[in-house]
Amino acid sequence: MSTEQMVMIRPALRADVPAIFRIRLAVRENALSEAELAALGITRETVAELVEAPGTAWVAQEAGKILGFSMIDREEGCLFAAFVAPEAESRGIGRALTSAAEAALFADHAEIWLETAAGSRAEGFYRRLGWGGDTPVGDGDLRLTKQRG
């Protein structure tokens with residue numbers, strides 16, 4: 001069975017916030033504690049508010065379990081979060097979540113962007129999906145862009 005048949009990508013709900021945080025806190029790369037996320041303004045409440053806005057966040061669900069999520073800033077044209085639970089990596093889930101986010105962003109923007117750590121697994125992942133550019137934005141991060149095709 002393909003990933004698309006087993007895993008459902010759907011809009012995120014307020015009820016998904018605990019699972020979103022479970023995944024965000026478990027990642028191997030770009031790991032941050034809940035306190036570090038809060039210092040950046042990312043709290044359970046701010047995420048709950050975000051997912052209530054239509055077309056801004058998606059989850060990957062299989063057999064009732066959330067395996068990953070993606071989130072965008074629709075106004076800015078930015079993909080700002082795409083994470084997959086470590087136990088669900090390499091199954092095409094990240095690609096499917098990123099595709100959902102890209103489709104929503106390209107509905108409003110001809111060029112979209114994201115920021116990621118230079119030399120990271122994430123950078124390689126996004127480049128394989130057609131993201132390009134390498135504008136340094138500080139702290140070893142790069143801004144990558146993608147054009148509507």
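Predicted model: local features only at pLDDT ≥ 70, side-chain atom pairs only at ≥ 80, totals over all residues.

Modeller: The largest pocket has a volume of about 1,400 Å³, and 46 residues line it. Nearest its centre you'll find Asn30, Ala82, Phe83, Ala122 and Tyr126. Several elements give two or more residues to the lining, among them helices H2 (17-26), H4 (44-51) and H6 (121-128), plus strand S3 (65-73). Strand S4 gives the largest share, with seven residues. Sorted by class, the lining has 26 nonpolar residues, 11 charged and nine polar.

Now for the rings. The structure holds three aromatic pairs. In one of them, the ring centres of Phe69 and Phe83 are 5.6 Å apart with the planes at 35°, so this pair counts as tilted. Phe69 belongs to strand S3 and Phe83 to strand S4, 14 residues apart, so to speak a link between distant parts of the chain. Both Phe69 and Phe83 are buried.

Tyr126, one of the residues nearest the pocket centre, pairs with Trp131: their ring centres lie 6.1 Å apart, and because the planes are at 70°, the pair is edge-to-face. Tyr126 has a relative accessible area of 7%, so it's buried. Trp131 is buried too, at 3% relative accessibility.

Note on methods. Residues numbered from 1 in each chain as written. Heavy atoms only, no water. 1 Å grid on protein atoms, 1.4 Å probe; cavity = no way out; pocket = protein on both sides within 12 Å on 5 of 7 lines; lining within 4 Å. Points joined across faces, edges and corners; volume = space filled by probe spheres on them. Helix = DSSP H or I, 4+ residues; strand = E, 2+ residues; numbered from the N terminus. Nonpolar A, V, L, I, M, F, W, Y, C, P; charged D, E, K, R; others polar. Phe/Tyr/Trp six-rings, centres within 6.5 Å; stacked < 30°, edge-to-face > 60°. Buried < 20%, exposed > 50% of the residue type's maximum accessible area, 1.4 Å probe, protein only.
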